[in-house]
Each structure stands twice: as structure tokens, then as C-alpha cells.
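Please look through the sequence and the model below.

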Amino acid sequence: LPIYPSQLNALSTYSFSRRRGLGKIELSDAFQHPERAQLEENLNKNYYACGCSASAKYLISGLVVGVLAVAVDNTFFETHRILHPISTVLITTFGGAIIGKLVGLSKASSKLKRTIHTIQAFWRPKIESPMIEQPICG
């Protein structure tokens with residue numbers, strides 16, 4: 001189904017507010033723009049973004065930070081506990097993954113809004129107000 005300017009504001013990257021069964025987003029034929037295909041691609045890419053790429057990067061970063069924290073702790077403070085290093089690595093790794101997911105979704109949301117504003121700047125809905133005759137008094 002084609003989408004119109006008034007429907008663009010309802011698009012969101014967050015899955016809890018995403019419209020189900022929308023499929024591929026296509027702009028209505030009324031939208032004539034030289035970069036229409038690119039704008040449709042950006043809409044679909046950012047609307048269906050899941051944040052997995054950023055989450056993976058932050059997960060690896062969290063793992064590295066956790067391992068370095070344990071190495072520094074064991075080197076300088078000579079604590080030889082088993083549970084503390086494991087929990088440190090797990091917390092930093094999964095914390096990094098969660099933060100990465102949120103960062104990825106917020107970046108996609110920002111790009112989606114920017115694309116929507118670009119489309120709406122060139123494609124305004126036509127509002128035709130009917131001419132109402134005023135009675136002439138007098």
C-alpha cells in the first residue's frame with residue numbers, strides 16, 4: 001500500500017509502537033522527486049532497524065572493557081577471587097550489548113525522522129478549503 005504525507009509521522013523505529021503488517025514502505029505516486037527511490041530505501045532501512053549492529057559492537061567493547069578491568073584489578077590489587085572477575089566481564093558485556101541496542105535504535109529513529117522531514121518538505125498534503133459564500137447584509 002502506498003503511504004501519504006500524513007501517515008509518515010506515525011512511523012517509529014521502536015517495536016512497541018511499530019505498525020504491524022506494514023510490509024515494504026512505498027511512497028504514493030503523487031510524490032514526484034528525483035531521489036524518491038533513495039528516500040524510500042532510507043525509510044525502510046531506518047523503520048525496520050533493530051539496533052543489532054550497534055549492539056554487537058558495544059557487546060565486544062563491553063567484553064574488552066571487562067577483561068581489561070579484571071586484568072588491572074588482578075595486576076595492581078592482587079585479588080584472586082573467581083566470582084568477581086566472571087561477574088565483572090558478564091556485566092560489562094551484557095551492559096554493552098543493551099546500551100548498543102538502545103544507541104542503534106535511537107540513531108535509526110533520528111535518521112527516520114530526518115528522512116520524513118525531507119519528504120514532507122517537498123510533499124505537502126494539498127488542503128483545499130471550499131469557498132463559502134458570505135451573505136451580504138444590507
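Among contacts in the protein chain between residues at least 6 apart in sequence, what percentage join residues at least 24 apart? The share is 75%, where a contact means heavy atoms within 4.5 Å.

This is a predicted model, in which local features need pLDDT of at least 70 and side-chain atom pairs count only at pLDDT 80 or more, while totals for chains, interfaces and linings use all residues. Residues are numbered from 1 along each chain as its sequence is written, and side-chain values use heavy atoms, with hydrogens and water left out.

The protein chain has 4 helices and 2 strands, in the order β-α-β-α-α-α from the N terminus. These are DSSP runs numbered from the N terminus: helices are H or I of at least four residues, strands E of at least two. Of the 138 residues, 32% are buried, that is, under 20% relative accessible area with a 1.4 Å probe and protein chains only; exposed means over 50%, and partly exposed lies in between.

Helix α2 covers residues 36-47 and spans 16 Å from its first C-alpha to its last, close to the 16 Å expected at 1.5 Å a residue. Its buried residues are Arg-36, Leu-39, Glu-40, Leu-43, Asn-44, Asn-46 and Tyr-47. An α-helix has 3.6 residues a turn, so residues three or four places apart point the same way.

Ring centres within 6.5 Å make an aromatic pair, edge-to-face if the planes are over 60 degrees apart, stacked if under 30 and tilted otherwise. The count is 1 aromatic pair. Tyr-47 and Tyr-48 form this edge-to-face pair, at 4.8 Å centre to centre and 80° between the planes. Tyr-47 counts as buried because its relative accessibility is 0%, whereas Tyr-48, at 35%, is partly exposed.

Technical notes. Expected span 1.5 Å × (residues − 1). Phe/Tyr/Trp six-rings, centres within 6.5 Å; stacked < 30°, edge-to-face > 60°.
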